[in-house]
Structures are given as structure tokens and as C-alpha cells.
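Visitor: I would like a close look at one kind of contact here. Please take me through the salt bridges.

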Amino acid sequence: MFLFLSLSCSFHSSMATLNLSHTQTLSFHRLFSNFHQNGPTLSFSSQPKPSVNPRPISLKPYNSEKLRTCVVALAVKNLAETEEISPENDGTAGELPSGAGVYAVYDKSGELQFIGLSRNIAASVSTHWKSVPELCGSVKAGIVDDPNREALTQAWKSWMEEYIKVSGKVPPGNESGNATWVRQPPRKKPDLRLTPGRHTQLTVPLEDLIDKLVKENKVVAFIKGSRSAPLCGFSQRVIAILENVGADYESVDVLDEEYNSGLRETLKQYSNWPTIPQIFVDGELVGGCDILTSMYEKGELASLFKK
């Protein structure tokens, strides 16, 4: 049993007093009779203390980012407490926030169909109303202040866990494999190969295969690497431009020595152009990265690809 006391010690020549309270004073003269007046030492431990080195204290700062994320996530109301909004037919009612956060879409029968997160809730809900109007009736939205990726995910997770705890199931739109509510990225075309393999004996010159390829396809981009993983900055820039303008193009990896062995040097001879990438339209060389970039900035590519 430990007793914590407020102690006040005073020493007068050979007399020391210990104040236990305002009304009681004990004399410690007998206790200190064997001690020198210059250096009395008082120990409150009944047993000797072991001689050990104190463990160093590490004062690590709080992870302010995680702490802030938790606070932001907690700031979003529970799904059940969030006010339900009934937008107009196109889902663009002024009541819907345009900020980032989490939202839940209910059908006209009041059944929850989908819980999503978005950088612009109003825009996302409007897209749902246009794509699946039969599944949209009302919306609940929670704004996340200072929305980093982790804060948005935490807010979405809290709503999902709340719904699953009550209903025992995942919202239909959030079930694995459901592509009704989330736009799936388009599948990219595979890169073209000029030969069956490097160990196959070609019956026609490689230059003829190049000529046949560029004349049978509207747009062909010879690049370093694949369209999904370009291996140089210029090739990456060319692919980005073609994707941005929505061009339907074919790509050929000049570094693929298994299926396009010798293509890099043969292509330079065929086009009389010294660098890669090279872009062909309707069988004619348009140029490389610099020319394509210039045409893109001038707005000339859309008309070129439509010809």
C-alpha cells in the first residue's frame, strides 16, 4: 500500500522537521543524529534500489497524417444519420455537393444500390442518373474535408461496414464483378508482331512486312516498348497524345527482338527517318514525337485521323 504525502522539509542545525499537515509536525532529530549537517540524505524506500541504467525514453511524434485522417473520417456522419436528398431527373439538383467525399445511391423503392467515393459527388451522381436512371431515386452524401486518398477510403469504408452490419450483405452495385456503377477502363489492343518468332525463316523481306502493315491499318505507331508500358519518354508522349485524341491506332514495339527482330534498323531505312517513335497514317509517315506534339497543340490531329 502506497501513501502519497505532500512533504516539506526544513533543516535547522541538527534539527530537521517534516511537515505532514498544517496541524502536525514531526521531529526528525533522532533520525538525522548520525548524519553530517552539511549533507543529510533522506530515502523513502524501505529496500535498496537496484543499480540499473534507466531505459532511454523515445519521444516519437504522432503521425499527424494518420491522426488527421481519422479525425476527417469521423467528421463524416454515419450513413443512417445522413440526410437523404432526392435530386431532379438528371441528378443535378443544387442540393448535391460538388466537393469530394462519399455518397450512397438508393433506388425509387428506398433500397441502397451503391456506395461510392468521388472527388466531385455531384458530377458522379449525375453520371449515374444518366447511365442507370432506373436504379436512382435518392442520394446521401458526406463531404470529406481536406480529402486525401486515405481519408476518402476511410469514409467509404465506414459507410460500407455500417450497411453490412445492419443488412448482412454488400450493396448490389459494390458486389465483385458488378460493372454497372463503376466505369471499367477500356481494354487496350495488343501490340502487333511482324513475325511468328525470331527462329522462323521469313519468306518475304522484313521491309515488305512493314509496308504491308502501314498500308493495311489507318494509324500505326512504331514505339520503344508496348503501348501499356512505353520504354522511353518520346514513345510515352506519343501514346498519350493518341489516347487523348481517341485515335484508333496499332502499335508495334521495335525493341521486341523475339517477334520483331531487326525491325528498328529496317524501319529507319524504310521511312528514311532516323529516330523512333514513328507514326504512319494511311501508309504515309507523319513524323516522330516532335511533329505529332506540334500537330496536337495546333488541333490538327483530329481531322488527320478522320480522313
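**Salt bridges, pair by pair**

Guide: Start with Glu216, which is exposed at 54% relative accessibility (buried is under 20% relative accessible area, exposed over 50%, partly exposed in between; 1.4 Å probe, protein chains only). The model is predicted: local features need pLDDT of at least 70, side-chain atom pairs count only at pLDDT 80 or more, and totals for chains, interfaces and linings use all residues. Residues are numbered from 1 along each chain as its sequence is written, and side-chain values use heavy atoms, with hydrogens and water left out.

The side chain of Glu216 forms a salt bridge with that of Lys212, at 2.6 Å from N to O. Such a bridge is a side-chain nitrogen of Lys or Arg within 4 Å of a carboxyl oxygen of Asp or Glu. Lys212 is partly exposed, at 47%. Both residues sit in helix α4 (residues 206-216), four residues apart, so about one helical turn separates them. Helices (H or I, at least four residues) and strands (E, at least two) are DSSP runs, numbered from the N terminus.

Helix α6 (residues 263-271) holds another pair, Lys268 and Glu265, three residues apart, about one turn. Their salt bridge spans 3.8 Å, N to O. Lys268 is partly exposed at 22%. Glu265 is partly exposed at 47%.

Now Asp282 and Lys218: their closest N and O atoms are 3.0 Å apart in a salt bridge. This pair links distant parts of the chain, 64 residues apart. Asp282 lies in the loop between β10 (278-281) and β11 (284-287), Lys218 in the loop between α4 and β8 (219-223).

Lys189, Asp248 and Glu250 form a salt-bridge network. The whole structure has six salt bridges.
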